Amino acid sequence: MKRINNSVIALSLFAGMVYTHAQEKKQLTLDEAVQLGIQNSKSLKIDAAKIEEATADLLEAKNRQLPELKVSGSYMYLPIKPTIDLKLPGVSSAGGPEVHQVAFGSANLSVPLYSGGRIKYGIQSAKYLVEASKLSTENDKIAIAYNVAQAYNNLFKANQSIKVLEENLTASQKRDETFLKLENNGVIARNDRLKANLQTSNIELQLLEAKNNYNIANINMDLLLGLPDATEIEVDQNYIDESDDVKTVDFYLNEARENRKDLQALDQQRKAAQLGTKSAKAENLPSIALTGGYVAADIPKFLTVYNAVNVGVGISYNLSNLWKENSALKQSQAREMQLSATNDLLNDNIKLDVNREYQNSDYSKKRIAVFEKSAEQANENYRITKNKYDNGLATMTELLDADAAQISANVGVINAKADAALAYRKLLQTTGTLTIK
């Protein structure tokens, strides 16, 4: 039996070593976590593809100003002798050569000279849309930076709750041991000792819940940062002291107007839409191009043509524009109206967001002072109640209630500081100034 027990112990130690090795720990500051989140973001990969698409559209628009050169050639075999009837005076086709094959080739060059500005407007519009895509990506980066900060904050709060609860559980278990001795010596009733045991069980349940929340928060962070699922992240609590003194709300509103990337992206889209309207109006204007060509043909025993070079100017105008309404112009004007209304709505939302997060940040800072005061009161209340209980002036219920209030107040201080740091980052996000180091 002893050999079996030794084997079980050895197997348990080996399993513990394997688990410890598998559970890799990684210490990350908040800025390092944000950088990892941006590097491994799947949504940013989609944004990168959108930028490539917009860049390709710009290349297509630039290609329209380049010359068009087309080369074509054909060869035809005629199995049946064609009937050739020449109508030229004094020339007879009777007894002419038998034609069984024809070779033909041509080259045509077209250089755009004037298109009513459609090419120029198209190029500039595409440039604005490329810039809009880049600005949208920067806006998404700021949103990701805040999402990572929020997840990091949740992980920190869960971890701090575990520490506080573990300390209180240790103290509660020691108290249980003391009360058991007192019960055995007839100093306290069994019911009082059971009340203390119940308090310990409640702390154990809170600790289990805190560890469960921590595990969920840790998995969420691993997914956000692109780390293996088994990675345990160790947070750096220094970030909770990084918030600066909150300035006036007007300061943050001005910051938002100058730095919000989504507002800047929308401005680029509006410029592109304005050029789209100009381009649509230019549809009613003619197009002029410089043209040139070369033709060669060979019909054996009948006709040979080469060095047939031509140069000229081509004009193209769609006469149906005289009676057809310009639907492209109406669509472009409607898009301008839509983007203008979107701009007004976005400005209103920015004002609301900044004012809301300004109030939340100010409220979060004030909560810290209240929680710190509550913690001082709860700690002092527990000390007094403990002295009273030791002197027979307080009941077991009063002692346990004071202990529970002390735990809640101490956890509240930590959470309030973490929430204030996160609220400040949210305020910076709404102004578009959340830095990404």
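Ala103 stands opposite Asp298 in β5. The structure is a predicted model, in which local features need pLDDT of at least 70, side-chain atom pairs count only at pLDDT 80 or more, and totals for chains, interfaces and linings use all residues. Residues are numbered from 1 along each chain as its sequence is written, and side-chain values use heavy atoms, with hydrogens and water left out.

Strand β3 (residues 101–114) pairs with strand β5 (residues 287–299) in the antiparallel sense, over eleven bridges. Two strands pair if DSSP finds at least two bridges between them. Strands (E, at least two residues) and helices (H or I, at least four) are DSSP runs, numbered from the N terminus. An open sheet of four strands has the order β2-β3-β5-β6, with antiparallel pairing. Its edge strands, β2 (68–77) and β6 (303–316), each pair on one side only. From one strand to the next, the twist averages 10°.

Two helix pairs were examined. Helix α8 (residues 327–390) and helix α9 (residues 396–431) pack at an angle of about 160°, with their axes 7 Å apart. Axes are lines fitted to C-alpha atoms, for helices over the stretch in contact, and angles run from 0 to 180 degrees between N-to-C directions. That angle makes α8 roughly antiparallel to α9. Angles over 145 degrees count as roughly antiparallel, under 35 as roughly parallel, 65 to 115 as roughly perpendicular and the rest as oblique. The contact of α8 with α9 divides into 19 nonpolar, twelve polar and eleven charged residues. Ala, Val, Leu, Ile, Met, Phe, Trp, Tyr, Cys and Pro count as nonpolar, Asp, Glu, Lys and Arg as charged, and the others, Gly among them, as polar.

Helices α3 and α4 pack at about 170°, their axes 8 Å apart. This makes α3 roughly antiparallel to α4. Their contact has eleven nonpolar, six polar and eight charged residues.

The largest pocket has a volume of about 380 Å³. A pocket is an open set of points on a 1 Å grid over the protein atoms alone, where a 1.4 Å probe fits, with protein on both sides within 12 Å along at least five of seven lines; lining residues have an atom within 4 Å of a point. Of the 18 residues that line the largest pocket, Ala54, Asp57, Ala126, Leu129 and Ser133 are the closest to its centre. The elements that give two or more residues to this lining are α3 (42–63) and α4 (118–184). By class, the lining has six nonpolar, six polar and six charged residues.

Conventions. Grid points are joined across faces, edges and corners, and a volume is the space filled by probe spheres set on the points.
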